[in-house]
Amino acid sequence: MNTYFLEQLMASPSALSANTSPVDLAPCVLTIGNFDGVHLGHQAMLAHVRDIAKAQNIGSAVMIFEPQPREFFAPATAPARLTNLAEKQALLAEYGIETLIVASFDAEFRSLSAQAFADILAQRLNVQALVLGDDFKFGHDRTGDSQFLRDYGLDVTNLHTVIDDKGKGARISSTRIRNLLLAGDIDAANALLGRDYAMTGVVVGGDKIGRTMDFPTANVDLKRIKPALHGIFAVDVVSLDDNGDVIPNGLTALTNSENPGIAGLRPHSLFGTANIGIRPSVDKEHDWRLEVHFPKLQADLYGLTLQVRFLHYLHGERHYESLEALKAGIHNDVIDLLEWRAKQSN
């Protein structure tokens with residue numbers, strides 16, 4: 001999948017650097033939105049984009065916003081991210097989208113009139129047709145809608161909200177999935193996502209508190225303001241290459257024979273226990289972390305890109321009065337999660 005930032009596509013040739021050429025997009029079918037989570041509702045939209053693109057023998061494209069609009073207007077109260085940019089990019093490619101256009105949502109972008117935005121779609125992005133939700137609004141003060149684009153001359157298909165036929169007709173939405181994840185109902189969230197919920201990030205340096213308590217952890221960079229789920233989880237973890245593909249035995253190849261770790265539930269993975277939250281017991285308020293402990297593993301994971309799949313919710317974050325109490329709590333959590341892992345093999 002080709003990824004472009006809207007500013008790159010809008011820049012005049014004179015504004016580009018000597019090493020950058022103007023980009024002329026091929027004709028495409030476009031859909032627009034946050035696509036946070038790329039859930040079953042989003043996937044229905046993407047399938048429709050692909051079908052129209054195939055019928056017209058043109059490309060398929062998605063426009064997303066970074067930051068998401070509510071993160072721009074009120075970052076402190078914006079919804080937690082289900083997917084960061086890299087995760088979203090990988091999922092859109094997996095679901096067959098050929099071109100991703102990332103629009104920087106800032107004061108300049110939000111001030112665009114509906115007419116100016118339609119001009120960008122038709123004249124700069126070479127959009128031949130659009131697939132949009134039935135409540136899609138755009139332009140300054142949300143003055144544009146699907147009918148505006150039809151009057152402009154663009155072919156617009158509106159899709160109705162996708163309903164979960166197993167959930168009493170409830171709407172499939174990112175908000176609903178966030179609420180399920182926050183409640184620890186991973187199975188129900190996965191049913192709406194159409195896949196297992198996972199996060200991807202690079203292992204970065206931490207403060208090494210876990211190591212001092214004999215529970216070393218891999219600190220996985222979240223790349224989001226805050227995560228969509230909090231607490232203690234059983235996870236399995238794979239290592240990804242630069243293309244986002246799973247490296248066969250990518251983690252086990254780094255281990256030694258005495259401390260090889262514990263096999264995860266999917267191929268090429270290791271089992272881990274994860275804490276995701278603000279770590280209230282170590283006085284790091286609002287310092288969101290995803291820390292994964294791998295029982296019976298000795299390996300250097302710094303710099304690796306890991307995909308962490310959440311398997312089982314144990315409990316929410318707990319406050320411990322001392323590091324000794326925290327150590328005892330972690331010890332009990334690891335025992336409980338290892339017992340859960342053992343039952344999965346029976």
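Lysine 296 sits in the loop that links β15 and β16. In this predicted model, its phi comes out near 60°, a positive value in a residue that isn't glycine. Most residues other than glycine have a negative phi, and most peptide bonds are trans. Is lysine 296 buried or exposed? Its relative accessibility is 59%, and the cut-off for exposed is over 50%, so lysine 296 counts as exposed.

You'll find asparagine 249 in the loop between β13 and β14. With a relative accessible area of 41%, asparagine 249 is partly exposed.

For the peptide bonds, go to glutamate 66 and proline 67: the bond joining them is cis, with omega near -5°. Proline 67 belongs to the loop between β3 and α3 (69-73).

β3 also takes us into a sheet. Six strands make up this open sheet, running β1-β4-β3-β2-β5-β8, with parallel pairing. At the edges are β1 (2-5) and β8 (155-159), each of which pairs on one side only. From one strand to the next, the twist averages 25°. Strands of a sheet pair through backbone hydrogen bonds, either parallel or antiparallel.

Now for the inside. The largest nonpolar core has 33 residues, and the members that touch the most others are Tyr197, Leu290, Val292 and Phe310. Which elements give two or more residues to this core? They are the helices α8 (174-182) and α9 (186-193), plus the strands β11 (198-204), β12 (218-220), β13 (231-240), β14 (270-277), β15 (289-293) and β16 (305-315). The largest share, four residues, comes from α9. Setting aside neighbours within four places in sequence, leucine 290 is in contact with Met199, Ala218, Asn219, Val220, Leu222, Ala274, Asn275, Ile276, Val308 and Phe310. There's also a second, separate core of 28 residues, and among its members are Phe117, Ala118, Ile120 and Phe136.

Finally, zoom out. The protein chain has eleven helices and 16 strands in total. Its C-alpha trace spans about 65 × 55 × 40 Å along the principal axes. How does the radius of gyration fit with a compact globule? For 346 residues, such a globule would come out near 20 Å; the protein chain has 22 Å, which agrees. Buried residues make up 45% of the 346. The accessible surface of the chain is about 17000 Å², and 50% of that belongs to carbon and sulfur atoms. As for contacts, take those between residues at least 6 apart in sequence: 75% of them join residues at least 24 apart.

Methods: Residues are numbered from 1 along each chain as its sequence is written. This is a predicted model: local features need pLDDT of at least 70, side-chain atom pairs count only at pLDDT 80 or more; totals for chains, interfaces and linings use all residues. Side-chain values use heavy atoms; hydrogens and water are left out. A nonpolar core is a set of buried Ala, Val, Leu, Ile, Met, Phe, Trp, Tyr and Cys residues joined through side-chain atoms within 4.5 Å. Buried means under 20% relative accessible area, exposed over 50%, partly exposed in between (1.4 Å probe, protein chains only). Contact means heavy atoms within 4.5 Å. Two strands pair if DSSP finds at least two bridges between them. Axes are lines fitted to C-alpha atoms, for helices over the stretch in contact, and angles run from 0 to 180 degrees between N-to-C directions. The radius of gyration is taken over C-alpha atoms; the globule rule is 2.2 Å times the number of residues to the power 0.38. Accessible areas come from the Shrake-Rupley method with a 1.4 Å probe; for residues, only the protein chains shown count as cover.
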